[in-house]
Amino acid sequence: MAEHTVVFDAAAEVSVPRGTLLADAARKAGVEISQPCGGQGRCGRCAVKVTKDGVRRRSTLRLSAEDVEAGYALACQTVVEGDTEVTVPAQEKIARLLTTDRTVAQVQVPTGYSAAADQTIKRFGLTLTPPSMVDQTDDWSRFTAGLRQQAGIELGHISLPLMRQLGAVLREGEWQVTVVLDLAEEAAPRLIAALPGLLPDSAPLWGAAVDIGTTTVSLWLVDLLSGEVQVQTAEYNRQISRGEDVISRIIYGSKNDGGQEMRGLVLESIGQLLERGCRRAKIDASEVMKMTIVGNSTMMHLLLGIPAASIRLSPFVTAVNQVPPFRAEDVGIGIHPEATVDCIPGIASYVGADITAGVLSSGMDDTESISLFIDIGTNGEIVLGSHDWLVTCACSAGPAFEGAGVMHGMRATRGAIEEVWINGSTYEPSFRVIGGGQPQGVCGSGLLALLAEMFLTGILDKGGNLNSSLPTDRVREGEHGLEYVISWGHETKNGDGPANDIVITRVDVDNLIRAKASIYAGFTILADSVGFPLEAVDQVLVGGSFGKYINVEKAVQIGLLPDMPWEGFQFLGNTAVKGAYLALLDKHARARISDIASRMTYIELSADNSFFEAFTSALFLPHTDMDRFPTVAKALQPELETEE
Amino acid sequence: MPIEIPKDKWPGSVREITLGATAADGGTRTSTVTVGGEKALPYMHFEAQMPHKPVIALEIRDRLPDDWSTLLLEHWGDTAKDPAAWAKAAEATGVELLQLTLSLTDADGNPNTPENAVAVVKSVLAATGLPLLVFGTGQAEMDNVLLVAVAEATQGERLVLGICEDKNYRTIVAAAMANGHLVNGRTPMDVNLSKQLNILISDMGLPMDRILMDPTTGALGYGIEYGFSVMERLRMAALQGDSMTQQPMLVTPGFEAWKTKESKVGKDVPAEWGDWLKRAIHWETMTATALIESGADIVVLRHPESVKRIRVAIDELSAVPEMA
């Protein structure tokens with residue numbers, strides 16, 4: 001048989017018979033190519049670049065047309081049919097190259113942002129004439145006159161505490177003073193702060209964007225002058241200890257002093273993030289002059305200490321949808337006491353500010369193409385539409401995809417397993433950990449990948465049952481029934497011993513399947529409500545606290561996202577906090593949110609039993625109706641053949 | 001003037017399934033039963049004739065049941081103490097099938113054993129020539145042990161083994177697959193769940209012509225409307241061509257009817273409830289008739305008097321009227 005020469009990385013040369021797999025040739029040449037899925041062409045991690053073509057690709061399942069065009073080939077699925085040259089890219093590079101990995105879009109300052117034109121918080125430096133025996137004008141008049149003359153602003157509001165301090169501040173700065181104003185109300189500017197001395201123009205003017213999620217609270221610190229995000233930080237909402245979903249929180253908050261306790265817990269969560277964020281930015285929290293907050297209606301009520309009971313009870317009305325701006329001290333947030341706290345408006349009891357802000361940050365209200373937008377969180381809010389129309393619904397998905405309510409779940413932070421592959425013949429997993437090093441738990445994207453891999457390798461059947469008859473000790477009987485061991489205790493940060501093994505249990509699997517079923521059912525009902533076929537949407541925009549990226553293919557394989565070409569998906573990251581950020585910066589964006597809120601049509605899922613029907617139909621991997629998932633059916637086919 | 005009756009033409013049909021195997025096919029049954037094959041909604045003879053009438057099974061136990069109505073126990077008397085005798089007596093009522101339910105324990109409270117289960121099944125098979133359905137105790141771990149032993153000891157008989165559920169089906173299906181039997185899958189009154197279990201079972205490689213589905217029902221007055229509508233929708237999905245819903249349907253109106261207060265209790269009930277036995281038979285009969293009308297292919301009953309009445313109902317429904 002004909003022999004061909006294969007050169008790896010222009011260094012290692014090997015001669016192999018025609019028809020040899022590139023992966024085998026590499027092994028012979030002593031070149032390491034990892035194959036986490038066991039060489040089945042599923043994971044795509046063995047992608048190499050063929051620089052001199054002498055190969056035939058048996059499968060390009062994990063590669064896009066552009067990838068192939070660029071010369072990429074899967075080493076485990078490509079045979080040598082001529083002399084050829086190959087480059088092996090670094091693993092990290094591969095991880096980011098595959099079309100199915102949708103990395104979260106980087107946060108960028110909105111194009112054309114101008115603090116002068118768009119920002120409602122303004123800072124001015126004033127230099128006043130000191131008083132003297134010939135000029136005995138009072139401090140307050142001297143100050144307001146200076147403001148009028150030097151900044152052209154007629155002050156509308158000042159608080160008593162500020163007026164008490166004014167004289168001392170003016171003297172401490174030797175009649176030079178930095179003024180921070182809120183100009184949102186044009187006719188009556190409000191004084192936020194008067195600080196002694198002058199600051200350089202380049203000194204940041206701090207604001208904060210906050211998303212109060214049912215499970216996760218996120219906070220960004222922003223320089224309002226440049227528009228740049230300086231710090232991003234997130235933590236679980238401390239209210240979790242008083243109930244996982246909004247309903248149980250409302251119930252708890254309605255009893256005894258529960259409302260005060262809930263308010264205290266969320267304020268603590270925000271306080272913790274502020275402290276961490278300010279430490280990183282090396283500032284004092286009192287330097288933050290404005291905070292824009294989004295959250296679902298329940299979270300907003302609990303934060304403000306407004307009774308939320310009516311949200312839960314028919315006819316399901318909130319106490320307030322459009323919250324006016326408040327002083328930080330009144331809300332109880334430890335930034336500058338006079339800072340403006342701006343709560344973004346919601347639409348209804350179960351469609352809150354998080355979704356209006358999400359739509360804003362997704363931009364779907366501003367384009368002609370039909371988008372499906374999903375914020376994957378404890379309440380999965382879904383919006384379908386374009387600039388002409390928007391329909392929305394909310395389905396209670398639970399916190400599983402945020403890593404909560406799952407035995408070894410965690411937030412998408414250092415030490416979390418964020419991607420998993422399972423070898424189809426040995427059932428051994430390999431995974432990637434955020435920040436590298438040993439794993440501590442699994443975050444949302446890791447759980448999603450795990451579910452898909454367990455399903456594709458037959459560890460799970462379509463009903464989510466674990467198969468205990470496989471030749472592996474990783475599927476075992478645990479405290480809560482069958483479980484799969486992702487990482488043995490001694491390989492983890494948690495320490496040696498079976499108690500420290502990182503596992504996914506049957507109960508976890510059920511939780512994840514329920515979460516994905518709830519979301520997919522929401523898609524189908526929403527699409528049905530306007531008679532628009534789900535498959536016909538132009539793009540699917542995914543938001544959520546998944547971490548840096550989401551594997552679209554795996555999300556489709558488990559039936560979380562509709563089966564569409566991968567190119568149609570975009571991962572937007574935490575869209576709610578991003579929406580808060582945009583509204584924090586730009587008064588025009590803030591106004592657009594109100595416009596979005598007024599244009600959305602809300603579909604109530606509990607109105608009839610069609611949601612339940614769609615839900616039970618989706619409680620299956622990927623779905624009871626396989627015709628909805630043609631590419632998954634195709635991916636499962638070869639496995640069925642080999643089983644025969 | 002002649003009236004043209006509009007006819008529906010359905011793209012799909014129900015699968016035909018044969019229960020039991022004669023000597024020629026590797027079993028020991030003297031007769032087999034084929035169900036399914038419907039090409040139209042139940043008894044719409046003008047659209048398509050039903051190739052097979054619904055059939056009746058009587059339920060017997062591996063020992064004298066301690067949770068059955070005294071009316072049933074009085075009727076069967078001592079025959080209910082011996083499964084083989086009971087099977088013979090049941091066959092004599094003219095049913096097409098027997099359904100044997102295994103008990104969790106023996107009369108003294110000791111756990112049932114595979115040896116005992118095999119012995120009982122074999123004695124029943126020896127006593128009658130009818131195809132047999134063997135259902136487990138309802139406790140997963142026990143069923144997986146008992147039914148595997150039964151399946152192996154009766155290879156080739158085309159028994160129906162049950163009851164597969166979505167959380168426990170693998171062992172039973174594997175045993176049926178390896179030994180030439182059929183399975184019955186039960187799901188709690190939901191179209192999607194029925195379909196899902198059919199998919200799970202067929203994914204293991206068991207041919208679809210060896211799967212019966214039990215969509216579960218409720219007795220008259222205890223949710224039968226819901227069961228009726230689920231069966232109706234399953235049948236419509238089958239006729240519309242949804243391959244994973246095209247299994248013949250088995251339901252257990254005997255079990256459902258005899259656990260209602262109306263059937264179970266004879267004392268301290270309102271006088272207007274009337275005669276206890278009459279009432280209980282009515283209950284079983286009304287429940288079974290409604291289910292047959294919704295498309296049931298196999299009904300499992302408990303009282304021979306109900307068998308008689310259901311036979312009449314089936315014959316009348318199945319009679320093809322003269323069309324002008």
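This is a predicted model: local features need pLDDT of at least 70, side-chain atom pairs count only at pLDDT 80 or more; totals for chains, interfaces and linings use all residues.

Trainee: Why is Arg158(B) called buried?
Mentor: A residue is buried if 20 or more other C-beta atoms lie within 10 Å of its own. Arg158(B) has 25 such atoms within 10 Å, and it is therefore buried.

Trainee: What is the phi of Arg158(B), and where is the residue found?
Mentor: Its phi is positive, at about 50 degrees, although Arg158(B) is not a glycine. The residue is found in the loop between α4 (140-153) and β6 (160-164) of chain B.

Trainee: How do you know whether Thr216(B) is buried or exposed?
Mentor: The cut-off for a buried residue is 20 or more other C-beta atoms within 10 Å. Thr216(B) has 21 C-beta neighbours inside 10 Å, so it counts as buried.

Trainee: How do you know whether the radius of gyration of chain B agrees or disagrees with that of a compact globule?
Mentor: With 324 residues, a compact globule would have a radius near 20 Å; chain B has 19 Å, and therefore the two agree. The C-alpha atoms of chain B fill a box of roughly 70 × 55 × 35 Å along the principal axes. Its secondary structure comes to 11 helices and 10 strands.

Trainee: What makes the contact of α2(B) with α3(B), by class?
Mentor: The axes of helix α2 (residues 83-91) and helix α3 (residues 114-127) of chain B come within 8 Å and cross at roughly 35 degrees. The crossing is right-handed. Among the residues making the contact are Ala84(B) and Ala87(B) of α2(B), with Val120(B) and Val124(B) of α3(B). By class, the contact has 7 nonpolar, 1 polar and 1 charged residues.

Trainee: Which peptide bond of Pro315(A) is cis, and what is its omega?
Mentor: The bond joining Ser314(A) and Pro315(A) is cis, with omega about 5 degrees. Pro315(A) is found in the loop between α10 (309-312) and β16 (326-327) of chain A. The bond from Leu621(A) to Pro622(A) is also cis, with omega near -10 degrees.

Conventions: Residues are numbered from 1 along each chain as its sequence is written. Chains are lettered from A and ligands numbered from 1 in the order in which they are written. Axes are lines fitted to C-alpha atoms, for helices over the stretch in contact, and angles run from 0 to 180 degrees between N-to-C directions. Helices (H or I, at least four residues) and strands (E, at least two) are DSSP runs, numbered from the N terminus. A crossing is left-handed if the near helix is turned anticlockwise from the far one by less than a right angle, and right-handed if clockwise. Two residues are in contact if their C-beta atoms, placed from the backbone, lie within 7 Å. Ala, Val, Leu, Ile, Met, Phe, Trp, Tyr, Cys and Pro count as nonpolar, Asp, Glu, Lys and Arg as charged, and the others, Gly among them, as polar. The radius of gyration is taken over C-alpha atoms; the globule rule is 2.2 Å times the number of residues to the power 0.38. A residue is buried if 20 or more other C-beta atoms lie within 10 Å of its own, exposed if 12 or fewer, and partly exposed in between; C-beta atoms are placed from the backbone.
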